[in-house]
Amino acid sequence: LGTGLAHVTGDYIQSDTGTLSVVLGSTTNFGRLEIEGSATLSGHFRQVTGGSNTPTDRYQFMTFAGGRTGFFTTQDLILYAIDETDPNDLELFFVGL
């Protein structure tokens, strides 16, 4: 998923063998996946590039109107972690060097 918005009109299902890669260019230019339905997650998540790397950086890279089940089995993250506390989105946040 390059920079910009990708829109899914139904449900999003990522299998055990799937990979979602998200590009972080800046806090205003990054990959976002907007899902009208629910998200069923498994498989791999990969962060591409590093963002601007400041303590307040947050990237809301996935939203889902119908809720989420599951989570990425593995993650390839560089200086960031995934915040999954909101039931309607996932965000990357800076954790430091």
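Strand β10 (residues 80-83) and strand β11 (residues 89-94) form an antiparallel pair held over four bridges. The structure described here is a predicted model.

**The β10-β11 pair**
- A hairpin of five residues connects β10 to β11.
- Within this pairing, D83 has E91 of β11 as its bridge partner.

- Strands of a sheet pair through backbone hydrogen bonds, in either a parallel or an antiparallel sense.
- Strand β5 (residues 39-41) runs parallel to β2, and two bridges join them.
- I13 has T40 in β5 as its bridge partner.

**The largest nonpolar core**
- The largest nonpolar core consists of 21 residues, and F61, M62 and F72 have the most contacts inside it.
- At least two residues of this core come from each of β3 (19-26), β4 (29-35), β5, β7 (58-64), β10 and β11.
- The strand that gives the most to this core is β7, with four residues.

**The surroundings of F61**
- Leaving aside residues up to four places away in sequence, F61 touches L20, V22, F30, G31, R32, L33, F45, F72, I82, L90, E91 and L92.
- One of these contacts, F72, is also listed with F61 among the residues with the most contacts inside the core.

How values were computed: Residues are numbered from 1 along each chain as its sequence is written. This is a predicted model: local features need pLDDT of at least 70, side-chain atom pairs count only at pLDDT 80 or more; totals for chains, interfaces and linings use all residues. Side-chain values use heavy atoms; hydrogens and water are left out. Two strands pair if DSSP finds at least two bridges between them. A nonpolar core is a set of buried Ala, Val, Leu, Ile, Met, Phe, Trp, Tyr and Cys residues joined through side-chain atoms within 4.5 Å. Buried means under 20% relative accessible area, exposed over 50%, partly exposed in between (1.4 Å probe, protein chains only). Contact means heavy atoms within 4.5 Å.
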